[in-house]
Amino acid sequence: MKKFLIVGLGNIGAEYVNTRHNIGFKILDYFARKEAISFQTAKLGDVAEFKTKGRTLILLKPNTYMNLSGKAVKYWMEKENIEKENILVITDDLNLSFGAIRIKSKGSDGGHNGLKNIQLLLNSTEYPRFRFGISDEFKKGRQVDYVLGEWNDDEKTKLPERLELGAQIINSFALAGLNNTMNLFNGK
């Protein structure tokens with residue numbers, strides 16, 4: 001059975017649930033509801049397991065806060081014996097318009113503290129990531145407020161369709177592979 005670690009980045013706590021920075025958690029929560037699986041609190045995060053067509057997907061929502069996400073990723077990679085190429089990290093991206101999708105096999109942290117910590121602890125920039133655009137519509141000096149702010153009404157209206165797309169990306173990554181997933185979903 002081939003194993004995959006699907007990591008949604010976010011911050012724990014009720015005050016962060018509907019914030020832009022928590023899109024990784026939100027996509028995993030949507031996927032879990034759709035597939036009728038539930039998260040259990042485990043070491044360094046909330047974890048759910050989903051089996052499909054000879055594959056096991058370990059869904060992870062780190063409870064380490066964003067800036068220390070690498071600790072949870074590294075622990076679960078080693079615990080479940082999952083290779084870097086079978087990890088998919090889902091994160092928000094200020095450099096993409098709202099809902100835009102960019103899936104890559106490697107890359108820089110782009111100034112994202114969660115990715116920065118994962119890169120540090122894995123000692124690598126070569127792991128797949130799924131970036132979800134949250135746009136950069138904030139005034140100078142207001143980035144933190146924007147990222148930790150809640151979705152506006154227009155975004156809330158469009159979010160369900162984008163969450164469904166996120167669930168499709170997770171399935172495609174596990175079943176069709178990274179290259180096919182990039183070809184199919186990048187730019188959607």
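Mentor: Start with burial. Buried means under 20% relative accessible area, exposed over 50%, and partly exposed in between, using a 1.4 Å probe and protein chains only. Asn 22 has 2% relative accessibility, so Asn 22 counts as buried. This is a predicted model: local features need pLDDT of at least 70, side-chain atom pairs count only at pLDDT 80 or more, and totals for chains, interfaces and linings use all residues. Residues are numbered from 1 along each chain as its sequence is written, and side-chain values use heavy atoms, leaving out hydrogens and water.

Trainee: Where is Asn 22 found, and what does Asn 22 touch?

Mentor: Two terms come with that. Helices (H or I, at least four residues) and strands (E, at least two) are DSSP runs, numbered from the N terminus. Contact means heavy atoms within 4.5 Å. Asn 22 sits in the loop between β1 (2-8) and α1. Leaving aside residues up to four places away in sequence, Asn 22 touches Leu 9, Gly 10, Asn 11, Tyr 16 and Val 17. The C-alpha atoms of Asn 22 and Leu 88 are separated by 16 Å, and the two residues are 66 apart along the chain.

Trainee: Which residues of α6 are buried?

Mentor: First the general idea. An α-helix has 3.6 residues a turn, so residues three or four places apart point the same way. Now the case. In α6 (residues 178-185), the buried residues are Leu 178, Thr 181, Met 182 and Phe 185. They cover an arc of only 100° around the axis, which puts them on the same side of α6. That arc is taken from the directions from the helix axis to the C-beta atoms.

Trainee: What covers the buried residues of α6, and which exposed residues does the face turned away carry?

Mentor: The cover includes β6 (101-104) and α5 (153-175). The face turned away from the buried side carries exposed Asn 179 and Asn 183. After α6 comes Gly 187, with a positive phi near 90°.

Trainee: How do the axes of α5 and α6 cross?

Mentor: Axes are lines fitted to C-alpha atoms, for helices over the stretch in contact, and angles run from 0 to 180 degrees between N-to-C directions. Angles under 35 degrees count as roughly parallel, over 145 as roughly antiparallel, 65 to 115 as roughly perpendicular and the rest as oblique. The axes of α5 and α6 come within 8 Å and cross at roughly 150°. That makes α5 roughly antiparallel to α6. On the α5 side, the contact is made by Leu 165, Gln 168, Ile 169, Ser 172 and Phe 173; α6 brings Leu 178, Thr 181, Leu 184 and Phe 185.

Trainee: How do the residues of the contact of α5 with α6 divide?

Mentor: Learn the classes. Ala, Val, Leu, Ile, Met, Phe, Trp, Tyr, Cys and Pro count as nonpolar, Asp, Glu, Lys and Arg as charged, and the others, Gly among them, as polar. Here there are 6 nonpolar, 3 polar and no charged residues.

Trainee: At what angle do α1 and α5 pack?

Mentor: Helix α1 (residues 23-34) packs with α5 at about 75°, their axes 9 Å apart. That makes α1 roughly perpendicular to α5. The contact includes Ile 27 and Phe 31 of α1, and Leu 163 and Ile 170 of α5. By class, this contact has 9 nonpolar, 2 polar and 3 charged residues.

Trainee: Which phi values do Leu 44 and Asn 81 have?

Mentor: Leu 44 is not a glycine, yet its phi is positive, about 65°. Leu 44 is buried, at a relative accessible area of 17%. Asn 81, also a residue other than glycine, has a positive phi near 55°. Asn 81 counts as exposed, at 62% relative accessibility.
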